[in-house]
Amino acid sequence: MAEEFSKAGAYEGYLGSWSSSLAPLFIDFAGVQDGDRVLDVGTGTGSLALALAASMPRSQIVGSDPSAPYIEFARTRTGDPRVRFDIGDAMNLPYADKYFDKSVAQLVLNSVPKPRRAAMEMHRVTKTGGTVAACVWASDGSNERERIFWGAATAVDPAAAQRRETERGYGHEGRLSALWTECGLREVADAYLVVSVDFASFEAFWSPYLEGQGHGGSYVRSLPPDRRDILRERLRREILGMKGDGPFSLRAQAVAVRGIC
Ligand SMILES: C[S@@+](CC[C@H](N)C(=O)[O-])C[C@H]1O[C@@H](n2cnc3c(N)ncnc32)[C@H](O)[C@@H]1O
């Protein structure tokens with residue numbers, strides 16, 4: 001499993017609060033109903049699966065992810081017998097055809113080597129009439145954290161442009177819905193989901209990057225210490241300007257898609 005998805009505690013610090021803020025909006029968009037049997041593909045540390053369990057008291061939820069450390073961590077987060085976490089690859093899901101009412105993947109498809117294969121697998125394991133839904137961070141500049149981070153990274157290191165997830169992924173308008181249509185899903189609909197995340201200080205924003213999780217973290221870890229310091233100071237200036245350190249919020253926007261099997 002990729003190094004960038006190997007440290008669960010660090011991932012929680014880096015992206016956990018974003019995932020938890022996004023989860024209720026995504027659940028609503030996906031139209032999950034209480035009592036549904038739901039598959040959370042690429043569950044990571046389990047934020048979406050746990051949000052599903054909290055809001056759907058009669059549902060059965062399976063979270064699946066190829067990262068063993070993430071799955072182990074997710075398992076420690078709940079003792080709810082309705083929630084199960086399995087190690088598994090989105091491109092080869094270990095479930096019977098039409099087993100789930102809903103299959104959802106939050107912030108996953110840009111990390112999967114063959115996203116089309118993953119979408120087809122989600123379709124396969126979902127009942128006829130059930131819903132398959134996914135979301136990824138938008139790549140149009142409306143995701144403030146990504147825009148600020150990669151803008152600063154590219155300013156101090158032009159090669160960073162090639163590391164930027166947003167250049168190649170599904171965060172551009174229309175790409176996810178085109179994929180869903182290609183995979184044979186019906187009544188395909190897309191939407192933007194917007195969240196705001198609060199940071200207590202610049203350090204609360206910066207320090208999780210040093211753990212190497214996710215694209216931004218793995219990029220920061222690849223830099224020699226002097227380049228890291230330059231990036232850190234550039235980000236501090238971008239975010240705080242002339243103000244002293246203190247709390248701030250950043251806005252992030254995800255593109256979401258859903259379709260019927
Ligand atoms: C940005 S994280 C999102 C995790 C979680 N869905 C959330 O909202 O916090 C991306 C996740 O995709 C998972 N992933 C990477 N390759 C995958 C694959 N082939 N199949 C399923 N999940 C994969 C990673 O292990 C990681 O947990």
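Biologist: Where in the chain does Leu107 lie?

Modeller: In this predicted model, Leu107 is placed in the loop between E4 and helix H4 (115–124).

Biologist: Is Leu107 buried or exposed?

Modeller: Leu107 is buried, because 21 other C-beta atoms lie within 10 Å, and the cut-off for a buried residue is 20 or more.

Biologist: Which loop holds Lys98, and what is its phi?

Modeller: Lys98 sits in the loop between strand E3 (83–87) and strand E4 (100–106). Its phi is about 55°, which is positive although Lys98 is not a glycine. Lys98 counts as partly exposed, because it has 15 C-beta neighbours inside 10 Å.

Biologist: How many C-beta neighbours does Leu210 have inside 10 Å?

Modeller: Leu210 has 15 C-beta neighbours inside 10 Å and therefore counts as partly exposed. Its place is in the loop between helix H7 (202–206) and helix H8 (214–222). From C-alpha to C-alpha, Leu210 is 20 Å from Gln162 in space, and the two are 48 residues apart in sequence.

Biologist: Which strand contains Val41, and what does Val41 touch?

Modeller: Val41 belongs to strand E1 (residues 37–41). Val41 is buried, because 28 other C-beta atoms lie within 10 Å. Leaving aside residues up to four places away in sequence, Val41 touches Ser64, Ala90, Ser103, Val104, Ala105, Val108, Ala118 and Met122. Ser21 is 20 residues from Val41 in sequence, and their C-alpha atoms are 18 Å apart in space.

Biologist: How is the packing of two helices to be read, and at what angle do H4 and H6 pack?

Modeller: Two packed helices are described by the angle between their axes and the distance between the axes. H4 and helix H6 (residues 175–182) pack at about 55°, with their axes 10 Å apart. H4 is therefore oblique to H6. The crossing in which H4 passes H6 is right-handed.

Biologist: Which residues of H4 and H6 meet?

Modeller: From H4, Pro115, Arg116 and Ala119 meet Leu179, Trp180 and Glu182 of H6. This contact of H4 with H6 comprises four nonpolar, no polar and two charged residues.

Biologist: At what angle do the axes of H5 and H9 cross?

Modeller: The axes of helix H5 (residues 144–156) and helix H9 (residues 225–240) cross at roughly 130° and come within 9 Å. H5 and H9 are therefore oblique to each other, and H5 passes H9 in a right-handed crossing. On the H5 side the contact is made by Ile148, Phe149, Ala152, Ala153, Ala155 and Val156. On the H9 side it is made by Arg227, Ile230, Leu231, Arg234, Leu235, Glu238 and Ile239. By class, the contact of H5 with H9 has ten nonpolar, no polar and three charged residues.

Methods:
Residues numbered from 1 in each chain as written. Predicted model: local features only at pLDDT ≥ 70, side-chain atom pairs only at ≥ 80, totals over all residues. Axes fitted to C-alpha atoms, helices over the stretch in contact; angles between N-to-C directions. Helix = DSSP H or I, 4+ residues; strand = E, 2+ residues; numbered from the N terminus. Parallel < 35°, antiparallel > 145°, perpendicular 65-115°, else oblique. Left-handed = near helix turned anticlockwise from the far one by under 90°. Contact = placed C-beta atoms within 7 Å. Nonpolar A, V, L, I, M, F, W, Y, C, P; charged D, E, K, R; others polar. Buried ≥ 20, exposed ≤ 12 C-beta atoms within 10 Å, placed from the backbone.
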